[in-house]
2 protein chains.
Amino acid sequence: MTGNLQATALLVDGATLSDQVTEVLRHNVVNGVWGVGDLLPSETALASDFDVSRTVIREAVSRLKAEGMLSSRQGRGAFVASNRPRQGFAIPECDMESQRKLAQILELRMGLEIEAAAIAALRATPEARLEIQRTAEAYDQTNQSDGPAVATGVSADLEFHRAVCVATGNDYYLGLFNYLVASLRETMLAGRLQALKRGGESRDAVQEHYDIAASIAEGDAECARQRMRDHLQMSSARLLAQLKTEEDSGE
Amino acid sequence: MTGNLQATALLVDGATLSDQVTEVLRHNVVNGVWGVGDLLPSETALASDFDVSRTVIREAVSRLKAEGMLSSRQGRGAFVASNRPRQGFAIPECDMESQRKLAQILELRMGLEIEAAAIAALRATPEARLEIQRTAEAYDQTNQSDGPAVATGVSADLEFHRAVCVATGNDYYLGLFNYLVASLRETMLAGRLQALKRGGESRDAVQEHYDIAASIAEGDAECARQRMRDHLQMSSARLLAQLKTEEDSGE
DNA sequence: ATTGACAACTTGTCATACAGGTGTACCAAT
DNA sequence: ATTGGTACACCTGTATGACAAGTTGTCAAT
């Protein structure tokens with residue numbers, strides 16, 4: 001087996017040893033050399049086979065674990081978890097530029113966060129409720145100081161919404177939220193820039209945050225749901241309107 | 001800065017140090033603590049901050065490089081390449097094996113589909129409403145023929161739910177639904193297998209589908225919401241219970 | 001046959017060392 | 001003063017050895 005690394009090493013120039021080993025391992029999994037569920041040779045054995053240090057092997061295995069292709073447990077070994085690279089739910093970046101698609105993405109965010117607010121009202125720990133209240137106040141603060149702190153304002157806004165998702169105790173609500181806002185962030189920055197130019201109209205949003213926080217604090221799921229729905233409907237409409245004026249003034 | 005690792009370590013149980021550091025780094029990137037293009041602290045500095053060995057830091061950075069979130073060059077350092085996971089929102093396959101995580105995934109599906117039902121009630125085209133009715137009837141049919149058609153039953157069930165998502169006219173509701181059920185499919189098959197062994201209790205589900213379809217046909221968003229919520233709550237509970245009995249009988 | 005200690009693995013983590021790339025400050029020659 | 005080279009400090013990439021912690025199979029005692 002020694003030497004199959006060199007065979008592929010020719011393909012790339014600036015690739016590190018870890019890169020090369022990663023490619024070989026991935027190739028072996030994808031092409032069925034190691035079937036799903038199979039136990040891989042131990043790290044020391046692989047290091048010996050590839051004639052590299054265990055460090056390099058660990059790095060390669062680590063990457064494939066991050067991809068979901070391999071899995072490992074201490075004392076047991078590493079095994080093939082999936083033979084195809086997992087592709088999750090992804091939103092193409094270019095979709096952000098279309099008003100129609102952006103509206104749809106905001107609509108998806110609504111479905112997510114409305115239910116998150118309800119779950120948070122039912123299940124949030126006292127610490128999580130305090131954190132929601134804290135982020136609502138922090139958002140208030142950033143809006144009182146009327147500097148051109150665009151990024152700060154957006155961040156404070158998102159921190160509140162993130163706190164609600166954290167409060168659900170559901171990793172997937174938080175994970176999906178994080179992905180959506182990562183996709184939306186730049187667009188939101190552009191929108192808020194417009195909002196500031198035309199005079200702050202985000203004072204409404206501050207109060208809406210406080211109201212949502214109160215509903216969650218009281219454990220009133222139905223009220224939290226309704227208020228989050230209203231809030232997101234309003235802020236989505238605001239964002240879309242802001243982007244529209246930007247577009248008009250820009251052209 | 002030392003000690004901020006421990007703060008988040010509580011959230012997870014079987015996570016390794018590398019896992020924890022990875023999460024913190026990812027969090028810092030996603031939340032803009034480190035902006036795109038910024039140079040990260042050196043590996044030795046990070047190791048000192050987190051109070052772990054450089055090995056752990058390298059492992060974490062390596063994973064985020066594989067995700068496309070970080071990039072590094074020898075001699076220069078590591079910098080933020082993107083604040084957005086390239087592979088989108090993804091659920092690790094192994095999560096399906098944990099009852100707790102499975103329940104959370106089903107909960108996410110609820111948030112998605114409840115709102116989808118409401119949107120469908122408001123916006124569905126006549127054709128889409130007919131398709132929903134058709135898939136509800138098709139599901140009824142597969143339950144009347146009492147063969148061991150496990151896969152058929154699950155497919156018919158999912159077709160109904162998919163039709164609701166299609167009816168929203170929102171590509172992202174449909175896209176996320178498709179991803180979730182792709183992840184859930186095998187688990188649902190296992191659950192339904194148990195259900196059939198113990199005598200069909202999916203007759204309730206048939207009626208629930210009809211009720212949802214009726215609400216959407218009438219354009220009653222609030223009713224559709226409520227019925228979808230009830231239906232998913234019931235069927236999630238059914239699935240979890242079925243898997244539990246399977247687990248008990250299997251061991 | 002069951003149980004329990006034990007040995008031989010595994011991965012996870014730490015510490016240290018060095019090679020090779022990159023940027024910078026300094027110094028000499030012009 | 002500008003330029004050019006050079007040494008130095010710092011970075012990542014890699015190697016090595018060691019130990020902790022978890023898993024599995026064995027084998028003897030009951």
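User: How far is a base nitrogen of DNA strand C from an N or O atom in the side chain of Gln74(B)?
Analyst: Quick housekeeping: this is a predicted model, where local features need pLDDT of at least 70, side-chain atom pairs count only at pLDDT 80 or more, and totals for chains, interfaces and linings use all residues. Residues are numbered from 1 along each chain as its sequence is written, chains are lettered from A and ligands numbered from 1 in the order written, and side-chain values use heavy atoms, leaving out hydrogens and water. A polar contact is a pair of N or O atoms within 3.5 Å (within protein, one must be able to donate a hydrogen and the other to accept it, and residues adjacent in sequence count only if both atoms are side-chain atoms). For Gln74(B), the distance to the base nitrogen is 3.5 Å.

User: Which elements of chain B give two or more residues to the surface near DNA strand C?
Analyst: Helices (H or I, at least four residues) and strands (E, at least two) are DSSP runs numbered from the N terminus, and near means a heavy atom within 4 Å. Chain A brings α4 (54–67), β1 (70–73) and β2 (77–80), while chain B brings α2 (17–30) and α4.

User: What area is buried between chain B and chain A?
Analyst: Contact (heavy atoms within 4.5 Å) links 41 residues of chain B with 45 of chain A. Buried area is the accessible area (1.4 Å probe) that the two parts lose on being put together, summed over both. Carbon and sulfur give 49% of a total of about 4000 Å².

User: How many salt bridges does the rule find across the interface of chain B and chain A?
Analyst: The rule wants a side-chain nitrogen of Lys or Arg within 4 Å of a carboxyl oxygen of Asp or Glu. Across the interface, the count is six.

User: Which element gives the largest share of the side of chain B that touches chain A?
Analyst: The rule also finds 20 residue pairs in polar contact across this interface, both at pLDDT 80 or more. Elements of chain B giving two or more residues are α4 (54–66), α5 (99–123), α8 (171–197) and α10 (221–250). With 12 residues, the largest share comes from α5(B).
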